Amino acid sequence: MNNSQQRGTDRSAARRAELIAIGRKLFADTSYDALSMDDIAKQAGVAKGLIYYYFKSKRGYYLAIIEDSVADLVARAGRHDDLPPVDRVHRTIDGYLRYAEHHQAAYRTIISGGVGFDAEVHAIRDGVREAMIGAIAEGAYGRTDIPRLARTALLGWLCSVEGITLDWIGHQGLARETVCDLLVRTLGDTLRVIEDFEPSYPAPARP
């Protein structure tokens, strides 16, 4: 690839990223069905054809936005390698809650599976779960290759996190710090149960 082609590719990638950033703002608190392609193009200040050029369809655009949101969510949740295990886990959960609080429509879409039964959004959600389990395991044990029982227990805890988070952003009756402490404590209980079954995976000491 020559320099001219590389510049064209870079400009195209930058334009695509810009459209995704615009879409994330538009869909932050607005559902998929509430925005037409005409609405999106108008609010983004671009020709509708440009969105079709990069994403083929409204659904393609939406999936690209959700995938970008997921990357942000996972990055925020796992960005604390320099902290002690207990603090790392706490920051991971707090980062997760902050994302849900500030990107409510996107979070609901990721967790609920999209519009109807959307296999691609379900796959994205499953990827989030695996990444979160990995982040929690890394924070608690310093490794991500954990026994099947431990993974199953963490998945059960994470499904409860999703339900609690959906209820919290729907009602806003509790401070984020309170919800975070609740989830950290229930995680601690889960880790201690894992230790009962898998003594070689001890739970971090209580703070």
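## Salt bridges

The side chains of Arg 129 and Glu 162 form a salt bridge with an N to O distance of 2.7 Å; the term denotes a side-chain nitrogen of Lys or Arg within 4 Å of a carboxyl oxygen of Asp or Glu. Arg 129 belongs to helix 7 and Glu 162 to helix 8 (residues 148–171), so the pair ties together parts that are 33 residues apart in sequence. Helices are DSSP runs of H or I with at least four residues, strands are runs of E with at least two, and both are numbered from the N terminus. Arg 129 is buried at a relative accessible area of 17%, and Glu 162 is buried at 5%. Here buried means under 20% relative accessible area, exposed means over 50%, and partly exposed lies in between (1.4 Å probe, protein chains only).

This is a predicted model, in which local features need pLDDT of at least 70, side-chain atom pairs count only at pLDDT 80 or more, and totals for chains, interfaces and linings use all residues. Residues are numbered from 1 along each chain as its sequence is written, and side-chain values use heavy atoms, with hydrogens and water left out.

The count of salt bridges comes to 12. Asp 126 forms one with Arg 125, where the closest N and O atoms are 3.6 Å apart. Asp 126 is partly exposed, at 36% relative accessibility, whereas Arg 125 is buried, at 13%. Glu 177 and Arg 176 also meet through their side chains in a salt bridge, at 3.5 Å from N to O. Glu 177 is partly exposed at 46% relative accessibility, while Arg 176 is buried with a relative accessible area of 13%. Through shared partners, salt bridges join Asp 94, Arg 98, Glu 101, Arg 176 and Glu 177 into one network.

## Aromatic pairs

The structure holds 5 aromatic pairs. Rings of Phe, Tyr and Trp (its six-membered ring) pair if their centres lie within 6.5 Å; planes under 30 degrees apart count as stacked, over 60 as edge-to-face and the rest as tilted. Phe 55 and Tyr 61 have ring centres 4.8 Å apart and planes at 45°, so the pair is tilted. Both partners are buried: Phe 55 has a relative accessible area of 4% and Tyr 61 one of 0%. Together with Tyr 53 and Tyr 54, Phe 55 and Tyr 61 form one aromatic cluster.

Tyr 141 and Tyr 201 form an edge-to-face pair, with 5.3 Å from centre to centre and 90° between the planes. Because Tyr 141 lies in helix 7 (residues 119–141) and Tyr 201 in the segment after helix 9, this pair ties together parts that are 60 residues apart in sequence. Tyr 141 is buried at 16% relative accessible area, and Tyr 201 is buried at 11%.

## Helix 9

Thr 190 is found in helix 9, which covers residues 176–197. With a relative accessible area of 16%, Thr 190 is buried. Residues up to four places away in sequence set aside, Thr 190 touches Ala 153, Leu 154 and Trp 157, contact being defined as heavy atoms within 4.5 Å.

Phe 197 is also placed in helix 9, but this residue is exposed, at 56% relative accessibility. Leu 149, Val 193 and Phe 197 make a nonpolar surface patch of about 270 Å². Patches consist of residues with over 30% relative accessible area and no salt bridge, with like charges joined within 9 Å and nonpolar side chains (Val, Leu, Ile, Met, Phe, Trp, Tyr) within 5 Å. The accessible areas come from the Shrake-Rupley method with a 1.4 Å probe, and for residues only the protein chains shown count as cover.

An unreviewed UniProt entry places the feature "DNA-binding region" at residues 36–55. UniProt positions follow the numbering used here, feature names are shortened, and annotations may be inferred rather than shown by experiment. The end C-alpha atoms of residues 36–55 lie 15 Å apart, and the span is 80% helix and 0% strand.

Lys 56 is located in the loop between helix 3 (48–55) and helix 4 (58–77). Lys 56 has a positive phi of about 75°, although it is not a glycine. Most residues other than glycine have a negative phi. At 66% relative accessibility, Lys 56 counts as exposed.
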